[in-house]
Amino acid sequence: MWATSRLLVNYPEPYRSQILDYLFKPNFGASLHILKVEIGGDGQTTDGTEPSHMHYALDENYFRGYEWWLMKEAKKRNPNIILMGLPWSFPGWLGKGFNWPYVNLQLTAYYITTWIVGAKQHHDLDIDYIGIWNERSFDINYIKVLRKMLNDQGLHQVKIIASDNLWEPISTSILFDPELFKVVDVIGAHYPGTRTVKDAVLTEKKLWSSEDFSTVNSDLGAGCWGRILNQNYINGFMTSSIAWNLVASYYPQLPYGRCGLMTAQEPWSGHYQVDSPIWVSAHTTQFTQPGWYYLKTVGHLEKGGSYVALTDGLGNLTIIIETMSHKHSMCIRPFLPYFNVSHQLAHFTLKGSFSEIPELQVWYTKLGTPSEKYLFQQLDSIWLLDSGSNFTLELEEDELFTLTTLTSGRKGSYPPPPPSKPFPHSYKEDFNVDYPFFSEAPNFADQTGVFEYFMNIEDPGEHRFTLRQVLNQRPITWAADASSTISIIGDYTWSNLTIKCDVYIETPERGGVFIAGRVNKGGILIRSARGIFFWIFSNGTYRVTGDLAGWLVYAMGHADVTAKEWYTLTLTIKGHLSSGMLNGRPLWRKVHTSFPKNGWAAIGTHSFAFAQFDNFHVEASH
């Protein structure tokens, strides 16, 4: 989602399956109830681009990217997991020249509907919820058109969530428009700070925090997640909280590094970390299920913290108590007003049918200094028959307790994964994959444009299998995509390196490609990326620039280059000096650069135009 699972797919087994188990396997780790995925739209969505199933008007392919794979892996582990899709960007052809997805409502609704139908047809995946446009405007007529098209396709069971932004203006719109009221099933807000608004409650729709958390997965992030999992319901009546993001599987220097429930950003070593937000999730997810409901008795504790209680209506009871302090539970947004939490005794009484419960299992977490740290430990049960269904808990700050009738809770574990290692300093990729399982080459993280494995039917020679930039127009963007396409790879700390790559420009006259080193920015900041960029153009020129935008020109001149020919580019960067070769012969040398000092390697094209890359090779020495 948001290109955040990019590095997960090329983890070696058994580690990849272990990571997926910690996320999705019931009664093992986070045991997630819901998986929300991005409907790839070819545009930058925070930490990279995700490919669309329709790059062009007559193009349909339901095997691009990794979201199909991720949904199937989740379903394999938990057949009951709820699936939800939401677009961020859209392929450019939907906009008919405008950066706007609502130019032709029927066409955009058709595009989204094909994704849902394709999920079922090609992957046997049933999408449960569909969103409108992430954190951007909604169009009331589009929502109605989408509902009608879903119904016409027999997809009555697919529910609509709107608008994945703020509570307003969607809540008021729903109250004032009876037809819109009929077609929206859930109101989803982002980073609501545990609060809702009056009009949202008045709609009597389900209210969800459909994107939340987004905080570094240290104990601070775990505290944030523990607090809002309870208080999103207590303060804001929200019955679902969805964490951005699932797993931090993207280069850590991209925006919001390590803001996943766990960390898996080293497929080359197999190393991953099961971070504390996984176990905070387990306190709720392992002891409740979709369809359970909150009791009326939920609320805040006298000296800080909160408690919720849920039941399946069949006699089971789960109580979750959190005492996260202000200092150790600040989410990245919104602002959190000060509150105090201190040591206290909390008294509970079970009444009605719950008074017959003989025993409650106890699961406990203490966040904070490592010496005191307990993560999801099972403690002795509480026996209730002798105590008249009363019990008292002693609570300190930064604790979580789950008390439950369920005996299925489990702290899953695997032997430790391999130790952490940096990205290999010598790296070669020839893209010679006959039938690639994934459309994208391992470790390349597209930041503008889409780079896919490609087979040249006409070229039986050494360039039969290549990597191709496949967008021929700018997408309907969600973020500020660059004007040039770019895919980054490697270790951000690389400084001295040689990058060599075969390149093929497909566009005569106006085409251009580059290789680059020390690229210092990515994700939503990609437009302002600096580095050392070596470009060649099909009009017979070359350039060396200090930025992706091409404003800082260090050198330029004539090069014997034309479209539809293969060339080998070599870029060597050492200290303050860089030099470049074309087909093994020096083209420019000793260009002086002082900034940036380090960054990723990269390949890309001058504009949204087809080009191919082959035999990528980098040698780095820090």
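Is Asp219 buried or exposed? I looked up its relative accessibility, which is 17%, so Asp219 counts as buried (buried is under 20% relative accessible area, exposed over 50%, partly exposed in between, with a 1.4 Å probe and protein chains only).

Ground rules. I note that this is a predicted model, in which local features need pLDDT of at least 70, side-chain atom pairs count only at pLDDT 80 or more, and totals for chains, interfaces and linings use all residues. Residues are numbered from 1 along each chain as its sequence is written, and side-chain values use heavy atoms, with hydrogens and water left out.

Whole chain. I find nine helices and 34 strands (DSSP runs numbered from the N terminus: H or I of at least four residues for helices, E of at least two for strands). The radius of gyration is 26 Å against the 25 Å of the globule rule for 622 residues, so the chain is as compact as a globular protein of that length (C-alpha atoms only; the rule is 2.2 Å times the number of residues to the power 0.38). Along the principal axes, the C-alpha atoms fill a box of roughly 90 × 55 × 45 Å. Of the 622 residues, 62% count as buried. I also checked contacts (heavy atoms within 4.5 Å): among those between residues at least 6 apart in sequence, 70% join residues at least 24 apart.

Charges. I list 50 positive and 60 negative side chains, and the centres of the two sets lie 4 Å apart (Lys and Arg positive, Asp and Glu negative, His and chain ends not counted; the charge is placed at NZ of Lys, CZ of Arg, CG of Asp or CD of Glu). A search of the whole structure gives 15 salt bridges (a side-chain nitrogen of Lys or Arg within 4 Å of a carboxyl oxygen of Asp or Glu).

Lys373 and Asp219. Their side chains form a salt bridge at 3.4 Å, N to O. Lys373 is in the loop between β16 (359–366) and β17 (374–383) and Asp219 is in helix α8 (residues 219–236), so the pair ties together parts 154 residues apart in sequence. Lys373 is partly exposed, at 34% relative accessible area.

Arg64 and Glu452. I find this salt bridge at 3.5 Å, N to O. Arg64 sits in the loop between β1 (34–39) and α2 (67–77) and Glu452 in strand β22 (residues 451–455), 388 residues apart. Both residues are buried.

Glu13 and Arg16. The closest N and O atoms of this salt bridge are 3.3 Å apart. Glu13 is partly exposed at 43%, whereas Arg16 is buried at 16%.
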